[in-house]
Amino acid sequence: MAKKDKYKFDSKIHMFRAARRMSQQELADLVGVSRQTIIQLERNRYNPSMLLVYSIAKVFDVTIEELFDFEEVE
């Protein structure tokens, strides 16, 4: 049986980006990733590294918990 993830998260990056009128490309450039990575993050299809999450939080001057909603799944 395949291992199921114990936790899931929902990204709120798009809300912070929109509030600052920042494009996906601008955010990607600031944190050193591709625009496609930002797209996948915003669609909750990419599990980012802690360093990337920290970098994005610093851009928006928020905590990691403000950027993502974490939930334990059964």
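Visitor: Why is K12 called buried?

Guide: The model is a predicted one. In it, K12 has a relative accessibility of 18%. Buried means under 20%, so K12 counts as buried.

Visitor: Where in the chain is K12 found?

Guide: K12 belongs to the loop between β1 (7-11) and α1 (13-19).

Visitor: What makes the approach of K12 to E66 a polar contact?

Guide: The side chain of K12 reaches the backbone oxygen of E66 at 3.2 Å. The limit for such a pair of N or O atoms is within 3.5 Å, and therefore the pair at 3.2 Å qualifies. Leaving aside neighbours within four places in sequence, K12 is in contact with E65, E66, L67, F68 and D69.

Visitor: How do you know that F9 is buried?

Guide: The relative accessible area of F9 is 17%. Because the cut-off for buried is under 20%, F9 is placed among the buried residues. F9 is found in strand β1. Beyond its neighbours within four places in sequence, F9 is in contact with N44, Y46, N47, P48, F68, D69 and F70.

Visitor: What distance separates the C-alpha atoms of F9 and I39?

Guide: Those C-alpha atoms are separated by 15 Å, and the two residues are 30 residues apart along the chain.

Visitor: Why does E42 count as buried?

Guide: E42 has a relative accessibility of 14%. With the cut-off at under 20%, E42 therefore counts as buried. E42 is found in helix α3. Residues up to four places away in sequence not counted, E42 touches S11, I13, H14, R17 and Q24.

Visitor: Which residues of helix α2 are buried?

Guide: In α2 (residues 24-31), the buried residues are Q24, L27, A28 and V31.

Visitor: How do you know that the buried residues of α2 line one face of the helix?

Guide: Seen down the axis of α2, these residues fall within an arc of 100 degrees, so they line one face. An α-helix has 3.6 residues a turn, so residues three or four places apart point the same way. The buried residues of α2 pack against α1, α3 (35-42) and α4 (50-60). On the other side of α2, D29 and L30 are exposed.

Visitor: Why is S49 called partly exposed?

Guide: The relative accessibility of S49 is 39%. Buried means under 20% and exposed over 50%, with partly exposed in between; S49 at 39% is therefore partly exposed. S49 is placed in the loop between α3 and α4.

Visitor: How many helices and strands does the chain have, and in what order do the elements run?

Guide: The chain has five helices and two strands. From the N terminus on, they run β-α-α-α-α-α-β.

Visitor: How much of the chain is buried?

Guide: Buried residues make up 35% of the 74 residues. The chain exposes about 5,500 Å², of which carbon and sulfur atoms supply 50%.

Technical notes
Residues are numbered from 1 along each chain as its sequence is written. This is a predicted model: local features need pLDDT of at least 70, side-chain atom pairs count only at pLDDT 80 or more; totals for chains, interfaces and linings use all residues. Side-chain values use heavy atoms; hydrogens and water are left out. Helices (H or I, at least four residues) and strands (E, at least two) are DSSP runs, numbered from the N terminus. Buried means under 20% relative accessible area, exposed over 50%, partly exposed in between (1.4 Å probe, protein chains only). A polar contact is a pair of N or O atoms within 3.5 Å; within protein, one must be able to donate a hydrogen and the other to accept it, and residues adjacent in sequence count only if both atoms are side-chain atoms. Contact means heavy atoms within 4.5 Å. The arc is that of the directions from the helix axis to the C-beta atoms. Accessible areas come from the Shrake-Rupley method with a 1.4 Å probe; for residues, only the protein chains shown count as cover.
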